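Open the model in a viewer and keep the selection panel at hand. The stops below say what to select and what is there.

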Amino acid sequence: MSIYATAVKKPITTLLCFVAVIVFGLYSLSKLSIDLLPDFESNQLMIMTPYPGANASDVETNVTRLMEDGLNTVDDLKELSSKSMENFSVITLEYEWGTDLDVAVNDVRDKLDMYRSQLPDGAGQPTIFRFSTNMIPVVILSVESKESLPALYKILDDRVANALNRINGVGSVSISGAPQRIVEVNLDPKKLEAYNLSIEQIGQIISSENMNLPGGRLDIGSDTYSLRVQGEFIESDEIKDIIVLANQDRAVKLSDIAEVKDTSRDKIEESYTNGIQGASIVILKQSGANTVEIADKVKAALPEIQKNLPPDVKISILMDTSDSIKNSIAGLTSTVFYAFLFVVLVVIFFLGRWRATFIIVLTIPVSLVASFVYLLASDNTLNVITLSSLSIAIGMVVDDAIVVLENITSHIERGSPPKQAAIYGTNEVGVAVIATTLTVAAVFFPLTLVTGMAGLMFKPLGWMVTIIICFSTIAALTLTPMLCSQLLKQDPGRSKMFMILYGPIEKILDWLDNFYERTLRLVLRRRLITITGAVLLFIISLVMGKSLATEFFPPSDNAQMSGVLKLETGTRVEITKETAKRIAELWKEKYPEIEALNYTLGTADDDNIFAVVMQDNGDHIINLNARFSSMGKRDRSIFQLTDSMRADLAQFPELKTIELNPGGRKGGGMGIPTVDVEIYGYDFDRTNAFAQDLKRRVEQNVQGAADVLISREDFKPEYQVVFDRKKLAIQGIPHSTAAQYVRNRINGLTASKFREDGDEYDIVVRYGKKHRESIEDIENIIVYNSQGKGVKVKEIADVKEVMSPPSIERKNRERFVTLSISAPSTPLSEVVAGVNSELKQMDIPADFGIKVGGSFEDQQESFADLGVLLLMVILLVYIVMASQFESFSAPFIIMLSLPFALTGVILSLFITNTPLGITAAIGAIMLVGIVVKNGIVLVDFINLNRERGDETFKAVISGGKSRLRPVLMTTATTLLGMIPMAVMPTEGSEMWRPMAIVIIGGLAFSTMLTLLVVPVVYTFFSQRDEKKKARKAAAEIALLESLKSK
Amino acid sequence: MKAVFISFNQALREDIILVFDELGIKGFSFWEETQGRGSHTGESHFGNHAWPTLNSSILTMVDADKVDTLLDLLHGLDKRNELLGLRAFVWNIEKSI
């Protein structure tokens, strides 16, 4: 027995099956965690190798190039880039999307092991880093403090970080911007010389004084005692009293030759929030933890933590990712709700019956809820993508139920009892329903195969819609007929009230039927004119499409902005601080939209590898982060605000480079799109000059270029100490010893650790600040040989000033410099065209390579992928339809609606002035599956009429007229389901708006033309078939007659 | 004994069995799916895409005195909904075992 017959005959079983699905769905929903985006694994690995003391060129030659050669041969590598800077080499490996990074990491580790022995001795162990969405902070807290500032780090570490770490799901809590304690021993070189002491000896003495040693075990009587020798400093003041030199008659204390200070590090990164100095605390989550839940718990814990803090320390929330998640989810939830409401209205408008409407609308929650089960089973979250899938699918899930119910109703009207009508009515359209579902699945299933950035978004979307649509078909074939058999009556009476309300609507619908019939007759009489007109329209739209702007992802307003401002390299930190303060005050006053403005400046600690790699820092660099009030509460978008803020910065001539990113992130698809011009060439001076020239031209001539940045920083002055090896050899001093002497005096020697309350602080021995401020101070450093004989640096070395690059960037083993142009308000395609025309006017040296990339490159790659996807989808849809009609020509006729969908897409983008981005392109691909549905319904019924013996024209007209309502109805549900997505201004809606616009435009336009052009083309094909058939029949009869006469 | 052959739209099956039970007709042969086309006004019932409906057929042997009542009831059934379609034909049984 068929599935629908079973369903109708066993209503209780059917009902309970669906109840079970709903219960499971709701249970899954309660278990699903909420996040902004699906988890994704990046396709990048980063390898960091420390090479302390080396400058950028040394790192490039000795570490980076060597490792690049080794790593270049790993499998699936797409791009290899590197940055060599002082003390560090950072190599980034970008893999093809879909590469298993676990395997890749092992592969890289093997290669590193192989090359390990060839690295210079001073180089440290290379570390491999992987990125993921877990590295996006959940909450950033800012801490304001006045009196407690010197002890802030310890206060925060003990009372805040520990408390937060105990929260379930919190991955790591890191504190930045708080001054860290240090014990400084600042020596006077003259006194050292007088006592014939060296820094190394002092360090040795401090280290040996500051020591606890177990002394063994001691048996006394019947007990055993352990013995300890206690020598560690209890107070930092004790260090002052260490005897560094004892003669017969007197002792020299450390305080005699040095100043011992228990203080905080002099070079730190300072952080200011709303003008008050303090620290910031970054909270990351554990992988798989629920962002919203953690943020809520952190916020709940804060009042309790605040109570335990000194009164001047105030903690506030600087950034809370869960805010934007909650807003986006709330926005999308209401989008889904409105879509649902519109669909209900459409169904009741066309059907005019409560019970029928109820039956159809019931398929929506049933199918949507079922998809939650999938989400839970596949370890997904409730995020922007999965919720948007619901809102895309909502208009389509009713289609199957509509077709089934319509047919059952017509059976009932002919007099079948509801039960039989349900079975046979479903039987008749079952195949067509499955076929239309397959065409939609043929579109959405390939989306699950998309890779790359776009794949991150469209993989869950593809799965969700495919599953929802398939489930809606199952519901349409079981639940709908079952409910029809139970709820529909043979002759539903209509009350007067109902007729007053619905009467006019029915008149409109009847008028529409008749109007369509007249129009159809007209176009069928003027077939050639109709077709020529349609083709012309298509060509015109293609011409318009040529001038359509493109983009990657539409930028979205998330109420954040970040930025990096740089002053002249080498500017003192005090001046940077002053400038930052003035800018912050100006903005704070001018923009009431700013809720929090945080900036950090200064040099990060050397051992803070992450800060060194992830963000530019230095005495001349200001890193900005601003949070604006949420979208509904302000008139200006973050793009307008950022533009205006950028204009303000023109008043600050001391700023050398300005980079402001609305949205907070740069590149990478989601943030502000950039066009990167990569200039490859070995010679620094020539590539720099070329980049500067191009920058000037772009700023002058290219419209919309906001920030133009050159990646290579200015050369910075450095002093080099060049030892004369001959003289060193005569003195018997190894080169490394001499170098170490210089380092210990200027940079300092970490002699030992001072321990207090379970924390340890460095004890650093070096020259006092005033003894390391000039070249002479370096030249006067005394280096001792193994016999204890001292010699000044100036006697064995030259100290000279040179300029050196702070970092060297390479890509695919070639040096390059990037000119990155961000264009928040102009489509990338226009910027690229501008840049290309500038490049054409310039002389490009033969040994230079120029490549235009950045977001634009990603965009090109993704569009190429989508092009292939489109072809695949069209082919799949053709196959599905050809097998349904068992004909090569029928699907071809139906697919004529595709060009008109394209026309609609182009027109709608043009009218709404939306650039063509990835989401719009995906929308266009979805249209392939959606628009052919109309054609299938239409051609299917015309075919039916012809098989029943109607001649072509009659079949076309009566078929068209009778299918008008189902076509309009399914179209209207899909269209209206999309409208909330296209118009509702919620956070993150920018991303989906183009898709909704494209689907609405394409579907509306193609439906109108499909209703006219498809019947016309159908008649051409059909007349040919008919003639062929008539000739064949005549030949057959003639043959039989000739046989009889024989 | 008379043979009655009834060909009817599948939707009418349950009603016919009801009539049989009413008249105490116990024995019959039943073909779930038969294809057919009416001679005068009837639509085609081919179970295909163009003519999706199918007929069922019943052949039953009844006592001669029940035939008229049976035909009347069946006729009523057909009258109730002529679009569905029901036809019955009666002929004599010569012999049986």
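An axis here is a line fitted to C-alpha atoms, for helices over the stretch in contact, and angles between N-to-C directions run from 0 to 180 degrees. Helices (H or I, at least four residues) and strands (E, at least two) are DSSP runs, numbered from the N terminus. This is a predicted model, in which local features need pLDDT of at least 70 and side-chain atom pairs count only at pLDDT 80 or more, while totals for chains, interfaces and linings use all residues. Residues are numbered from 1 along each chain as its sequence is written, and chains are lettered from A and ligands numbered from 1 in the order in which they are written.

**Stop 1: two helices of chain A**

Select residues 496–525 of chain A, helix 15, and residues 952–983 of chain A, helix 30. Their axes come within 9 Å and cross at roughly 150 degrees. Angles over 145 degrees count as roughly antiparallel, so helix 15 of chain A is roughly antiparallel to helix 30 of chain A. The crossing is right-handed (the near helix is turned clockwise from the far one by less than a right angle).

Now show the side chains of the contact (C-beta atoms, placed from the backbone, within 7 Å). Helix 15 of chain A contributes residues including L509(A), Y516(A) and L524(A), and helix 30 of chain A contributes residues including F953(A), G960(A) and R965(A). By class, the contact has 9 nonpolar, 1 polar and 5 charged residues. Ala, Val, Leu, Ile, Met, Phe, Trp, Tyr, Cys and Pro count as nonpolar, Asp, Glu, Lys and Arg as charged, and the others, Gly among them, as polar.

**Stop 2: a loop residue**

Select P417(A), in the loop between helix 12 (384–413) and helix 13 (418–447) of chain A. P417(A) has 17 C-beta neighbours inside 10 Å, so it counts as partly exposed (buried takes 20 or more, exposed 12 or fewer, and partly exposed is in between).

**Stop 3: chain B**

Select chain B. Which order do its elements follow from the N terminus on? The elements of chain B run β-α-β-β-β-β-α-β, giving 2 helices and 6 strands. Of the 97 residues of chain B, 23% count as buried. The C-alpha atoms of chain B fill a box of roughly 40 × 30 × 25 Å along the principal axes.

Finally, show where chain B meets chain A: 10 residues from chain B and 11 residues from chain A make the contact. The chain B side has 6 nonpolar, 4 polar and no charged residues.

How values were computed: Parallel < 35°, antiparallel > 145°, perpendicular 65-115°, else oblique. Contact = placed C-beta atoms within 7 Å.
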